[in-house]
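Visitor: Hi, could you walk me through this one slowly?
Guide: Gladly, and we can begin with a term that we will need later.

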Amino acid sequence: MLTVLHTLANSAGLFSKNQAAITNASANPAQKINKALQNLHVVRKIILTQNLPEDQEQAALTRLDQILDQISVNSLSVLTYTQIQDLAAALTVTTTSTTTTSKELTQILSTIRSSSSVITTTTTKTITKTINGTTVTTSEDDNVSVTSSEGPSSAVTVVDELDNLSLSIRSNIALGIQGDSKASALQLTSGNLAVEHVAYALSDLLFVYPSSASQHSYLGHGSEQWAKAGLSNATNSVLAPQVLQMSTRANAASAVLGAVSSAASAKATSAISTLASSAAIVNMVPNLYQIAQANRPVVFHVTAESVDSNLNVLRGDYSDVLVARETGILYLASNSVQEAYNVSVLAHAVAAGTNQSVIHVLDGVKTSQQVEAIKTVGDQALAAFVKQEQRNAVVAHDEESLVSAIEGIFDRASALLGHSYKAFEYTGPKDAETVVVVYGPAANVAHHLGDKVGVLNIRLYRPWSFSHFLKAIPTSTKNVIVVEPVSNTTAHGPIFLDVSASFNLWTGAHRPTVTDVKYGLHGASLTQGWIKALVHQVRATKGAKLDLASIVAEPELAQGDVNQVIFWETAASSAVSAHVAKHFQSALGQRTQHSSRVNSYRHSAVIETRVQYSKSNTVAFNESSLAGYATVQDVAVLAEYNVVASLKQGATLVLNAPWSVEELEAKTSAAFRFALGAKQIQVLLIDLNTVAKELGLLGAGKTLLAQIAFLKTHSSNLNDAAFGAIARQYETTNDKLFDGLISSLIERVDKEVIEVPQNPNWLAIELGEADQAALALPKHVTSTVRGIANAFDGSHATTAVEESSAPEEGEVALGKTSNWHKAAWQLMFSEAFDTRQVLSDGDHSYLVKITENRRLTPTTYDRNVFHLEFDTTNTGLKYDIGDALGIHGWNDTQEVLDFIEFYGEKPQTVVVVPRALAKNAPEGTIARHQTNSLLQILQQTLDLFGRPSKRFYADLIPYATNAAEKERLTHLISAEGAQEFKDRVEETLTHADILREFPSAHPSIPQLINMLPAIKPRHYSIASSQKAHPNSVHLLIVAVEWTAPSGKARFGQCTRYLTSLGVGDNVTVSIKPSVMTLPPSPHQPVIMAGLGTGMAPFRAFIQERAWQKAQGIDVGPMILYFGSRNRANEYLYGEELEAYHADGLLTHLRLAFSRDQKEKVYIQNKMNEDGTLLHKYLLDAELNGHFYLCGPTWPAGDVKDAIVQSFMDGEACAAIDANRIVNKLKEEERYVLEVY
């Protein structure tokens, strides 16, 4: 029932905040569906309260799901209570099969249909057209909702009462799981929804931390909608589980910890789950330690995802999610949609059966969004299994016994899930000499890697059991290759360290060699052929000088029993592939997979969707295999991607374009036509946009037309069965007329399709250098932060994108230009216009005045280190020791004026920009607008002279009117232009530079404002104590200057701004908390290591302790290790430090001026001299000193080594034990680094 109710709730805007839209119940679809929901709840409640035998009750609920395909939403919404009672009674009549309809049920269904009337809706614009004598009314909206593979009707009926044909779209395509079904039938669902279904079914409280990389289809979105609809779960509770959306920020999971603590104190058995991204896990770590120690069954379902500096999504980087591996929480991993469902069940069972918290990790880039047909289990059976494990919970005393207990749960679950799992799962020959250890996405492609090569998949990563790992490895193993999903760093990966440590207990003849391969930055290359080539390279080089970027994937195994079609779609057409996937699944009974990559950086997002299908239930789908059919909805992608490269020899390519055969020759590149000829591609042309326009089809009608076009051009046996499936997607008052409509569209498509004959001249085309570059265009879309919804997600997806003068809910509105007198009116009549003059940087900013700007280094010295003081009197600014001050810098005035002149605009042009509402703004709050001159907004708000991302280049492409410039911009963001783009980054080219370089790409001012990022505040450690200086805040800053490879001088935006200011100038600032805080007791020793401007927070520390001492408080010892180049030029605050040292406050002053003597001397050298002192201050239980390092990153390792050495000498222990002590100090926040 979860899916049935969810589908109805998601349809036609049930959750709309537009109150005006629900004032007329008869005209509003949301009101109808809400009533239908209520009626379904009553039917279900009557069944559940009759105390029927379990099998009879389950059969009745299953029939309820099945008969919903035969009743319209309209009919459900107008049921009388008598009809509800009759329906419930008829459903409970015993038959020989749950699929058999009793006479009583047949009779009540007939009564319901005859007594309901068609209701006209007025909330959606309708389009009426006559097609071959048939009058059709269609809606502009075509929401693709979430439902089961046999889901109910769930959309709006749009009717013109004068017509004879009324259509209602059934959202029968998509996803979700029929939770009450006992049958293990294949059901089409995504990885996210598979996980969410289990979590929602088995939890009383869910915390959701939305992902920024999947903005419209994050893990937890479905649960939020189900909870809003009041859907109960497997516990049959009257109340729905509570679902709370949280923010990903520092100290995340505090609410989860609070819920765990409350449940523990109340001795409650509430089931708690968390749905989050790996970015949230990073912020949860401090609280995860406490949650793990609570020994409560909390389950964290986590999508592992990462983005680079250009917001490209990195598949295979689990670095973030693995940061919690030492917290004591268990780790389980799933690598496919089916596994996502199964392992979700195991995670809850393991948590309940061990009283331990569990993190279940799945690939958040592919698996979470991928759609597959999977086998599922009834919710009640899941709940019963978890409860049984909870009743038989075990207490393990070591890692080996705990892993054995967990594997026992795996074994008991195998009958339920139909699949067996182990902590370490080995596949391959028993006499393997090379074993590839995989974790994460690599597990899907690591197979058939060569002779005597086996694969070990890590299912249970924590706890790590040496004995279970070694038991899974063949004794013949000589080489182990650890392929782990972490970023490529110089340090060994965490999984490599675990594997290597395990072989300390190896009993074989020879200890295997272990090679570490970190593929976190190469996830896009992850295929079976790539892994196979990797193994060959490692074996050939024995792991030395391994270059992952140079690996060329080997040819992959042919998949004779798998077929594939590719859709190059836009946001407006993405529902078509979703319908097609459904057709393959339901009409042909084929096992189906639907997988998309989204590039949101284009002016109009491009989506590469692959639908694979097979009669085999065991064959592995391979995304890198070639397709026999592809369709391109927007031919502009032909200039950006090599769409032919993914096609088989003789495949079919359908182009949606208003072209003739001659125009195809004229409007496509020579390289494209050469590729068509080389592979003998059959090209078909059809102009669906013109056909839809002529017939008046929008939304649902356009999707119907596109489906028919696919079925008519795809060379498969799908046609007859699929046309029947299309018909079942619609409710109609006149089946005959609807069949006529389908026939009419089929006939029109047949007429419009143009078959392009094979042209032998294409193979004779001589390709120039530019044409060769065109052949090297990317074969696949590089996934970016997902700016659109998954095509299956009914709460967002739509098949019609219409331009509107007003922004829709959630849409970002552009800034716009205005006139000076309107701005003047707003100031002159501020009360009437509700005008407020505020800082443009937000409610948490302060305006302070410079009282001192003093250079500390000589003017003859090449580094400008300067000291700033600001007056904070009457500003309300408060700061703590260790906080950072954010400076909201401005761009250089003259450079901004020069750019405005180049752009052909005037500095005084008035610009109005909408300001985003606060997340906690009361409903009904009206968004405000910010008014500035063009000079102001480019000088003070927008990062005009910042470094452009690839997205900025991509956004410029549609505006380029010069063909050469358009081609150049396209090249720069392609894979072939990667090195040149990197060179541009090193040259530090700015947004302004790019706009000057490509003058034909000239967005309007409103468009440019929306494309440019905001200037981010630069944060500097505060170099003062507010107790010592109540009305002042101090900074220590070095001016950032460098020379680009071209020889051009470059300057840091913020430090250039600050050096130009004088006494009396105003500056906008904000406060950012830091980890650099003094110990809780003034008696505890403070050991400080600062390099250069890293001295700033320690000056504040010393001032704070000086103030405490002046108040009569006894303060503990303070050691300062200060390092710079030389005393004469960079002894920052030298006189102050000497005075504090002479006074005895600074008990030890250790100075390291690296260039003042022949031998270089650094702070770590000084620390090595003080080993005994460091050991005493840090490890003496009565002293409990704190250590701090602030400055550049490079000395951090040497500094740590100095402390480790002091512990080794003082404790007479090994290096590994000394390192553990340092780690313990980190956990206690007594070893604090702030490096940059």
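Guide: A residue counts as buried when its relative accessible area is under 20%, as exposed when that area is over 50%, and as partly exposed in between, using a 1.4 Å probe and protein chains only.

Visitor: Okay, and what kind of model is it?
Guide: It is a predicted model, in which local features need pLDDT of at least 70 and side-chain atom pairs count only at pLDDT 80 or more, while totals for chains, interfaces and linings use all residues. Residues are numbered from 1 along each chain as its sequence is written, and side-chain values use heavy atoms, with hydrogens and water left out.

Visitor: How many helices and strands are there in the protein chain?
Guide: The protein chain has 41 helices and 44 strands, where helices (H or I, at least four residues) and strands (E, at least two) are DSSP runs numbered from the N terminus.

Visitor: And what share of the residues is buried?
Guide: Of the 1236 residues in the protein chain, 54% are buried. The accessible surface comes to about 52,400 Å², and carbon and sulfur atoms hold 50% of it; such areas come from the Shrake-Rupley method with a 1.4 Å probe, and for residues only the protein chains shown count as cover.

Visitor: What about contacts along the chain?
Guide: A contact means heavy atoms within 4.5 Å. Among contacts with a separation of 6 or more, 76% are between residues 24 or more positions apart.

Visitor: Let's zoom in. Where is Tyr-1020?
Guide: Tyr-1020 sits in strand S35, which covers residues 1018-1021. This residue counts as buried because its relative accessibility is 14%.

Visitor: What does Tyr-1020 touch?
Guide: Leaving out residues up to four places away in sequence, the contacts of Tyr-1020 include Asp-883, Ala-884, Leu-885, Leu-1035 and Thr-1055. His-1034 is 14 residues from Tyr-1020 in sequence, and their C-alpha atoms are 9.8 Å apart in space.

Visitor: You mentioned Thr-1055, so is that residue buried or exposed?
Guide: Thr-1055 counts as buried, because its relative accessibility is 4%. Thr-1055 belongs to helix H34 (residues 1053-1059), and besides Tyr-1020 its contacts include Phe-866, Ile-1037 and Val-1040, again not counting residues up to four places away in sequence.

Visitor: New topic: how do H11 and H13 cross?
Guide: The axes of helix H11 (residues 337-354) and helix H13 (residues 399-417) come within 10 Å and cross at roughly 130°, which means that H11 is oblique to H13. Axes here are lines fitted to C-alpha atoms, for helices over the stretch in contact, and angles run from 0 to 180 degrees between N-to-C directions. Angles under 35 degrees count as roughly parallel, over 145 as roughly antiparallel, 65 to 115 as roughly perpendicular, and the rest as oblique.

Visitor: Which residues of H11 and H13 meet?
Guide: Among them are Val-345, Leu-346 and Ala-349 in H11, and Ile-406, Ile-409 and Phe-410 in H13. The residues of this contact divide into 10 nonpolar, three polar and no charged, where Ala, Val, Leu, Ile, Met, Phe, Trp, Tyr, Cys and Pro count as nonpolar, Asp, Glu, Lys and Arg as charged, and the others, Gly among them, as polar.

Visitor: What about H7 and H8?
Guide: Helix H7 (residues 191-202) and helix H8 (residues 221-228) pack at about 45° with their axes 9 Å apart, so H7 is oblique to H8. The contact includes Glu-196 and Tyr-200 of H7 together with Ser-223 and Trp-226 of H8, and by class it has four nonpolar, four polar and one charged residues.

Visitor: Why does Tyr-1133 count as buried?
Guide: Tyr-1133 counts as buried because its relative accessibility is 8%.
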